[in-house]
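User: I've got a model open and a few spots to check. Can you walk me through them?
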Amino acid sequence: MAETQIAAAREGTITDEMKRVAERENREPEFVRQQVADGQAVIPANRNHDALDPMIIGREFATKVNANIGNSEETDDLETELQKLHTAVHYGADTVMDLGTGSRLDEIRETHLEHSPVPIGTVPLYEAVKRAGSPEEITTDLLLEVIEKQAKQGVDYMTIHAGILAEHLPLTDGRKTGIVSRGGSIMAKWMEEHGEQNPLFQVYDEICEVFAEHDVTFSLGDSLRPGSIADACDEAQYAELDTLGELTRRAWANDVQVMVEGPGHVPLHRVAENVERQQEVCDGAPFYVLGPLVTDVAPGYDHITSAIGAATAARAGAAMLCYVTPKEHLGLPDEEDVRDGLAAYRIAAHAGDVANERPGARDWDDAVSEARYEFDWREQFRLALDPDRAREYHDATLPEDNYKEARFCSMCGVEFCSMRIDQDARADDGGMEELETGADDAGTDLESSPAAEVNRPPVGVHDSADLLPIEDCEAFGDESDAEPGTASDD
Ligand code: SF4
C-alpha cells in the first residue's frame with residue numbers, strides 16, 4: 001500500500017505533491033513537509049485523482065476558499081454539473097465540494113474527478129441516505145460501503161459527521177435553531193430512532209483504514225454548529241469540538257490527514273475565540289470554517305455577513321473558508337450567486353493574508369493602487385479580482401475608449417476627482433512632491449513577488465488543467481441554463 005502524504009512526511013520524504021505545493025505557495029519544500037508531518041496542514045490528494053493540481057490547506061499558508069456544488073432531484077444533466085465545477089474553478093475556488101443529492105451521483109462524481117484540477121470533497125452520508133431511503137434506514141455496512149466506493153473513485157476529502165454523540169443531543173434542547181447541519185440532523189435522527197451511539201463514531205477506525213489506503217483527508221463535520229447568533233459557542237458546539245479533537249488524534253495515529261470544520265453563525269466579537277479554541281483542542285489541525293455569518297438579519301446578503309466573519313476567522317488562523325452565496329437560507333444559487341459568493345470569499349481570504357503578512361500578499365493591493373492612481377484603467381481592470389465586473393461597472397457610464405485614458409471616472413466627475421486634483425497640486429511648484437508609485441520603474445512587479453499563487457491575479461488558474469475562459473467553453477453549452485451552486489449547508 002502506498003503511503004499517505006502524512007506518513008511520507010513523517011518519514012522525511014518530500015513527495016511530488018509537496019514539491020508542487022511549495023512552488024504554488026512560494027515556500028521551501030522542507031517547510032511543507034514539516035507542516036504536513038505535524039498535522040498542521042493537509043494536502044488533499046487521493047492517489048486516484050489524476051487531474052489534480054495539488055494544493056495545501058494550513059494556517060501557515062495562503063488562506064483557501066471552498067465552493068459547494070451539486071445536483072438535486074430536479075437536475076442530473078452531466079454537462080450542467082460539469083459547468084458548475086467549471087464556474088467554481090473559474091471564479092477562484094481552491095477546492096469544490098460535491099454535495100449532490102439527486103440521481104446519477106456516481107457518474108457525476110466520476111466526471112468531476114476526471115476534469116477537476118482542484119480537490120473534490122463529498123459528504124458520503126448523503127448518498128447513504130439516498131440509497132437507504134431515510135436517515136433511520138442507514139446501516140453501518142452501507143456507510144462503510146459508500147465511503148470505500150467514493151474513496152476508490154478518487155474523492156480527495158470527505159466530511160464525516162463522527163463527532164456528534166448521543167450524549168450531546170440533550171445539550172441542543174434549549175437552542176433557538178436546533179441542529180442546522182444537514183449531516184448532523186441526519187445522525188441525530190438516527191441515534192434517536194435506534195437509541196444507539198453514532199455509527200460513524202463507532203466505526204471510525206475502519207474509516208481511517210479506508211482513508212489511509214486511498215489517502216483521503218478527513219474533514220471532520222461540525223454537526224452541532226450554531227445556526228443562529230443565539231446558539232453560538234454553546235455547550236453543544238463545544239462538547240462536539242472536544243470529540244473532534246479526540247478524532248483528530250485518532251486519525252493522525254492512523255497516518256491519515258485531518259482538517260476540522262467550524263461554524264456557522266457567530267457574532268463578530270466571538271469569531272477569533274472559535275478559531276483559537278479549535279486550534280487548541282485539535283492540536284493545530286487546519287480549521288475549515290463556513291463563514292461564519294456574524295448576524296442573522298440579512299437573508300439575501302449572507303455572502304456579505306459571512307465574508308465579514310470569514311475575514312476575521314482567516315485573520316485569527318482559519319485555513320480554509322467555505323463560501324456562502326447570496327441565496328444562503330433562501331434557495332439554490334445560480335451562476336451569478338456563485339460568482340458573487342466566490343468574490344466575497346476571495347476578498348475575505350486575501351484580506352486575512354494581508355493582515356497576517358503572508359509573504360508578498362500585499363503586492364497585489366499595491367499594484368492595483370498604483371494603476372488606480374495612474375488612471376491606468378486597463379491595468380486596473382486586468383489586475384482586478386474580477387476583471388469583467390470592474391470593466392463592466394466602469395463602462396456602464398463611460399464606455400468610450402477615450403475614457404480609458406481619462407483622469408477621472410463618473411463617481412466624482414472631472415471637476416471633483418480627488419486624485420486628479422492631488423496630482424495637479426503636486427505638479428505645481430508647491431511643498432508637495434510628485435509621487436512615483438505608479439511610474440514604470442517604481443511600480444510593484446508582481447512577476448517577482450514572493451506571494452503565493454492565490455495572492456496574485458488571475459485567480460482560478462491551474463497549470464495542469466486546460467481551463468478556458470468560461471465564455472470560450474462550447475462544451476458547456478448555454479450558461480444561462482446552468483444551476484452552478486448548491487446550498488452551503490452540509
Ligand atoms: S473620479 Fe473619484 S472615484 Fe473616480 S478616479 Fe477620481 S477620485 Fe477615484
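User: Start with Cys-417. Buried or exposed?

Analyst: Cys-417 is buried, at 8% relative accessibility. Buried means under 20% relative accessible area, exposed over 50%, and partly exposed in between, with a 1.4 Å probe and protein chains only. This is a predicted model: local features need pLDDT of at least 70, side-chain atom pairs count only at pLDDT 80 or more, and totals for chains, interfaces and linings use all residues. Residues are numbered from 1 along each chain as its sequence is written, and side-chain values use heavy atoms, with hydrogens and water left out.

User: What is Cys-417 in contact with, leaving aside neighbours within four places in sequence?

Analyst: Phe-375, Arg-407, Phe-408 and Cys-412. Contact means heavy atoms within 4.5 Å.

User: And where is Cys-417 found?

Analyst: In the loop between α18 and α19. Helices (H or I, at least four residues) and strands (E, at least two) are DSSP runs, numbered from the N terminus.

User: What about Cys-412, where does that lie?

Analyst: Cys-412 lies in the loop between α17 (387–395) and α18 (413–416). Cys-412 is partly exposed, with a relative accessible area of 39%.

User: Which residues does UniProt place under "binding site"?

Analyst: An unreviewed UniProt entry puts that feature at Cys-409, Cys-412 and Cys-417. The lining of the second largest pocket includes Cys-409, Cys-412 and Cys-417. A pocket, on a 1 Å grid over the protein atoms alone, is an open set of points where a 1.4 Å probe fits, with protein on both sides within 12 Å along at least five of seven lines; lining residues have an atom within 4 Å of a point. UniProt positions follow the numbering used here, feature names are shortened, and annotations may be inferred rather than shown by experiment.

User: New topic: backbone. Which peptide bonds are cis?

Analyst: One is Pro-263 to Gly-264, with omega near 15°. Gly-264 sits in the loop between β8 (258–262) and α12 (271–281). A cis bond also joins Pro-457 and Pro-458, with omega about -5°. Pro-458 is in the segment after α19 (418–427).

User: Which residues other than glycine have a positive phi?

Analyst: Asn-26 has phi near 60°, and Asp-255 has phi of about 60°.

User: Where is Asn-26?

Analyst: In the loop between α2 (16–25) and α3 (29–37). Asn-26 is partly exposed, at 37% relative accessibility.

User: Asp-255: what relative accessible area?

Analyst: 29%, so Asp-255 is partly exposed. Asp-255 is in the loop between α11 (235–253) and β8.
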